[in-house]
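Some terms used for protein structures rest on a cut-off or a rule.

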Amino acid sequence: MQRFSTLLAALAFTLVFGHLTDKTTGQPLTDVTVQARSSSTTQTTLTDRNGHFRFQKLPPGNYTLMLSSKDVPPQSFHIEIGSDAQTINVKACSTTLDYSCVPGDGGGGA
């Protein structure tokens, strides 16, 4: 039975919804590349006009969430994905909306 539950856990995937906003103004950040990277998985998506993004099938585990676009300097955040669907709200630094933003400063937080 232990072997079967280990196999099921390995096949588990999680639906992850996210919302990306500017850390100072709270406005949604659009057309930002969002990448979820773990030791075994990498998935990439873009934010929509409301700053929303979605990963369809992420295996549970620890990830580095990496952001970048022409207006959002590269930033990364560490997140943990569980076995249930979840929503991640991320506040990041945008050079267009946050004039105090220093590229590469790490942004706000997940």
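Q: Why is Asp22 said to have no salt bridge, and which side chain of opposite charge is nearest?
A: In this predicted model, the nearest side chain of opposite charge is Lys23, 7.9 Å away. A salt bridge needs a side-chain nitrogen of Lys or Arg within 4 Å of a carboxyl oxygen.

Q: What makes the approach of Asp22 to Thr25 a polar contact?
A: The side chain of Asp22 reaches the backbone nitrogen of Thr25 at 2.7 Å. The limit for a polar contact is 3.5 Å, so a pair at 2.7 Å is within it. Asp22 itself belongs to strand β1, residues 14-22.

Q: How do you know that β1 and β4 pair?
A: Pairing requires at least two bridges. Five bridges join β1 to β4, so the two strands count as paired; they run antiparallel. One of the residues involved is Val16, whose bridge partner in β4 is Phe55.

Q: Why are β3 and β6 called edge strands?
A: The open sheet of four strands has the order β3-β2-β5-β6. β3 (42-46) and β6 (75-81) each have a single partner strand, so one side of each has no neighbour in the sheet.

Definitions and conventions:
Residues numbered from 1 in each chain as written. Predicted model: local features only at pLDDT ≥ 70, side-chain atom pairs only at ≥ 80, totals over all residues. Heavy atoms only, no water. Buried < 20%, exposed > 50% of the residue type's maximum accessible area, 1.4 Å probe, protein only. Lys, Arg positive; Asp, Glu negative; His and termini not counted. Polar contact = N/O pair within 3.5 Å; in protein donor to acceptor, adjacent residues only side chain to side chain.
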